Amino acid sequence: MANSTVLLALREDPLGGGASSEQLRRIGKEMENKGLELRWAASAGDARATLQTEAGLAAAVVA
């Protein structure tokens, strides 16, 4: 699955503070270590735009 792109559409900011942000950063880092490319979307509009323009998405994680 190398070079596959995963959309992470989450309300939490992975660069923000707190335990959930730290966990998101760890999950993202591990996905990158497995060869996946990440796309982050913080709003429904951003997620829709990514889904409409990113042809190579392998998966989406939505919360």
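Visitor: What is the relative accessibility of Glu54?

Guide: This is a predicted model, in which local features need pLDDT of at least 70 and side-chain atom pairs count only at pLDDT 80 or more, while totals for chains, interfaces and linings use all residues. Residues are numbered from 1 along each chain as its sequence is written, and side-chain values use heavy atoms, with hydrogens and water left out. A residue is called buried under 20% relative accessible area, exposed over 50% and partly exposed in between, using a 1.4 Å probe and protein chains only. Glu54 counts as partly exposed, because its relative accessibility is 23%.

Visitor: Which residue meets the side chain of Glu54 in a salt bridge?

Guide: A salt bridge here is a side-chain nitrogen of Lys or Arg within 4 Å of a carboxyl oxygen of Asp or Glu. For Glu54 the distance from N to O is 3.2 Å, and the partner is Arg39.

Visitor: Where in the chain do Arg39 and Glu54 lie?

Guide: Helices (H or I, at least four residues) and strands (E, at least two) are DSSP runs, numbered from the N terminus. The pair, 15 residues apart, links distant parts of the chain, with Arg39 in strand β2 and Glu54 in the loop between α2 and β3.

Visitor: Which other salt bridge has Arg39 as a member, and with what partner?

Guide: Arg39 is partly exposed, with a relative accessible area of 28%. Its side chain also meets, at 2.7 Å from N to O, that of a residue which counts as partly exposed at 37% relative accessibility. That partner is Glu37.

Visitor: What is the order of the strands in the open sheet?

Guide: Two strands are taken to pair if DSSP finds at least two bridges between them, and five bridges join β1 to β2, which run parallel. The open sheet has three strands with parallel pairing, in the order β2-β1-β3.

Visitor: Which strands stand at the edges of the sheet?

Guide: Each edge strand has a single partner strand, so one side of each is left without a neighbour in the sheet. The strands at the edges are β2 (37-41) and β3 (57-62).

Visitor: Is Thr5 buried or exposed?

Guide: Thr5 lies in strand β1, which covers residues 5-9. Leaving aside neighbours within four places in sequence, Thr5 has contacts (heavy atoms within 4.5 Å) with several residues, among them Glu37, Arg39 and Glu54. Because its relative accessibility is 5%, Thr5 counts as buried.
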